[in-house]
Amino acid sequence: MINDSVTYDAIVIGSGISGGWAAKELCEKGLTTLVLERGRKVEHIKDYHTAMMDPWDFKHRSYNTPEELARQPKQARTGFVTRPEGKHWFVDDVDHPYNEDKRFDWIRGYHVGGRSITWGRQSYRMSEMDFEANLKDGIAVDWPVRYKDIEPWYDYVETHIGVSGQNMGLPHLPDGKLLPPMPLNCVEEHLASSISKNYKGRLLMPGRAAHITGDKVFKGRVKCQFRDRCIRGCPFGAYFSSLSSTLPYAAETGKMTLRPNSIVHSIIYDERQGKATGVRVIDTETKETFEFFAKVIFCCASAIASASILLNSRSDRFPNGMGNDSGELGHNIMDHHHRVGASGTIDGFEEKYYKGRKPCSVYVPRFRNLPGQTEKVDFIRGYGYQGSASRENWERSIPELSIGLNLKEQLTRPGPWKMGLSGFGEVLPHHDNKMYLDYKRTDQWGLPTVTFDCELKDNELKMRMDMRASAEEMLTVAGFKNVESFDDGSPLGVGIHEMGTARMGRDPNTSVLNGHNQVHSVPNVFVTDGAFMTSAACQNPSLSYMAFTARAADYAVAQLKKGAL
Amino acid sequence: MNRRQLLKSITLSTGVVIAAGTFSGLLQAATKTANADWLPVFLNREEAFAVTQIADAIIPASEIPGAVDVAVPQFIDLLLKDVFSIPEREKFRQGLQVFLKQYAHQYGAAFHKSSVQLQRQFIEKNYTLSPESTINVLELVAEIDAPRGRENEYFLSSFLVTQRELTIKSYFTSEKIAKQVLSYDPIPGRYDPCMPVSEVGNVWTF
């Protein structure tokens, strides 16, 4: 065991979306900060080695070899993350095993920047309706936060990262500080007009995505080039990632020490002080163990990993894991369920085309169970749709058998217009949707592995029927042909929005964190990744993680300065 | 997709009238002999020759290059070696062998020793199916194992469908076609949501 002689002001565990924000905020507020990342070192731009590659530059083009697939069987369940252009941003399932009492698709990226390099970039605010939902429905626990508490922090993070999109003045999808939208193409526009005309209170708008558009200048970043190769890492820094947008700011202060290849396996608790004093780390390469010390600790390792670290931080005071007096740690796992919707083709736009590959979908904001709505459905909460229209390319010919010059001629031309809508629905928190540690099955560092025991339940399954039917109906009403609806099933995890394992609440007996993301019983430990979510809403969650992280960092620094931590 | 929808979509896409200007290409293609003078890494020489001739029939050369011009057969051979699992590649080979045996049976000569015209005739006959038969073939190949008593038909159909799919994918993802035939725009720089298709021309490369 090596004890670092330096005591830092802060330790941040993880360098993804939340960790990057924690590092930036804490460093800019003057704290010496150690950022611990379990994965490899990555340098912005330099290490995006596939970013400029065309299909023929890859030895097997878009195909994976059986040897490659054998290393990532669980990551491959997504159907897209293990392709040659981006597979190096997702973990090797053999080296990083987990267990499933029930299927859970745990899609992870272990490297500096984490999943901020590969995220979907859709950025929506939660609304007052979302923060009040649990209280009104009488399920789980009430959020200890309301929209007005977080609103200025949404303003703050949006202004820094750059979010393109359009404000629609909706109470249930609050307006933001947005850059110019990525406009709808003519078929998307057609569907938008049809929805507005045929459905009261329903609309289709340009999605909001964390890409730079317009003329505002962002340090070290260039605006979106419409290549839609985001999953490879953006050499233009056009979308938000920790590497393009937060870690450079933290580094610039001179206060940050970033240590890759460092697995934090537990947090050190000092019973006398009633506080955490530091973290225990294993170096993934040398397997040496270290202890690092700090006044305040931010857990930003992602919902499952932060819960694992806390569960593994056992002491006389916390025999079931740090901060787990309530027994809720590792429980209430949520995600967004998706892979359900419809698609169709449309005639009448054959003379139209577009230029550029829009890396952002359209968005149909939630329209079910809104306040004041009288139309009843057989589920609570709701969902939004993402989707896009495009002209099909040569891949449309695959399900047929024709050959020859005719075929070749046809396939070099733009194909029919096709529009798809895919729902993203809210998952309710259930105590029995959980993860726990298995101390019998350990990984190569001797650490316990995670086991999942959670599933979609009745409310989500009912919602999916409506997600499928409404998408089909909207396309049909708008004159689309060959409309086909689909429900490909959505195991928990495959939304890659896992959350809720250390929920916020007002009562320490029923929640892990208070309204400042602070562990109720260990005030100098904060959890600001998806673990804190008390309910899931149906919006993509990362923007909320950023806003809550910035707010928690502000609070932590103020408390430190007051001597309260 | 159900049977009716599948049928409808096939009729739709094969019913498109082709533009003028392809007839010269047609003549050219009919007289051109496919080139199989490359060293395969998985297939044997006879198999490689057949894969080459079939690729040439699926996407013949015209005023624009065909599948053989952009090394599609070589790439299929590489995929068989590196990308296919052992059972997948054996299934491909089994179907290809059925194809060669049926040819020999019908024409009384080995495929690679026959004239290009006869080879082409046999390939086209295998791929020219009514929409209803096409559905039957696609349903058959969707089976995980060969239905009892229909093994030859199953392996042959699987081979023909796979060869066709690989040929199309390999062709349109080749550098030459992607850059010189399709509309290649690696860094668009901006998004124009709606413009006349005539300003773009052929389909975007990606």
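The model is a predicted one, in which local features need pLDDT of at least 70 and side-chain atom pairs count only at pLDDT 80 or more, while totals for chains, interfaces and linings use all residues. Residues are numbered from 1 along each chain as its sequence is written, chains are lettered from A and ligands numbered from 1 in the order in which they are written, and side-chain values use heavy atoms, with hydrogens and water left out.

We can begin with the cores. A nonpolar core here is a set of buried Ala, Val, Leu, Ile, Met, Phe, Trp, Tyr and Cys residues joined through side-chain atoms within 4.5 Å; buried means under 20% relative accessible area, exposed over 50%, and partly exposed in between (1.4 Å probe, protein chains only). The largest such core has 211 residues, and those with the most contacts inside it are Ile267(A), Val279(A), Phe298(A), Val525(A) and Phe99(B). Its largest share, 11 residues, comes from helix α10 (residues 542-561) of chain A. Helices (H or I, at least four residues) and strands (E, at least two) are DSSP runs, numbered from the N terminus. Taking contact as heavy atoms within 4.5 Å, and leaving aside neighbours within four places in sequence, Val525(A) is in contact with residues including Ile267(A), Ala276(A), Leu310(A) and Met322(A).

Helix α3 (residues 45-58) of chain B has 14 residues, and 12 of the 14 are buried, so α3(B) is largely enclosed by the rest of the structure. The cover over its buried residues includes α8 (405-411) of chain A, together with α4 (72-82), α5 (86-107), α6 (116-127) and α8 (151-172) of chain B.

Asp93(A) sits in the loop between α2 (66-71) and β3 (99-100) and counts as buried at 8% relative accessibility. Not counting residues up to four places away in sequence, Asp93(A) touches Arg71(A), Gln72(A), Pro73(A), Lys74(A), Gln75(A) and Arg108(A). Most residues other than glycine have a negative phi. Arg61(A), however, has a positive phi, near 55°; it is found in the loop between β2 (33-36) and α2 and is buried, with a relative accessible area of 13%. Ala537(A) likewise has a positive phi, near 50°, lies in the loop between β19 (522-527) and α10, and is buried at 1% relative accessible area.

Terms used
The expected span of a helix is 1.5 Å times one less than its number of residues.
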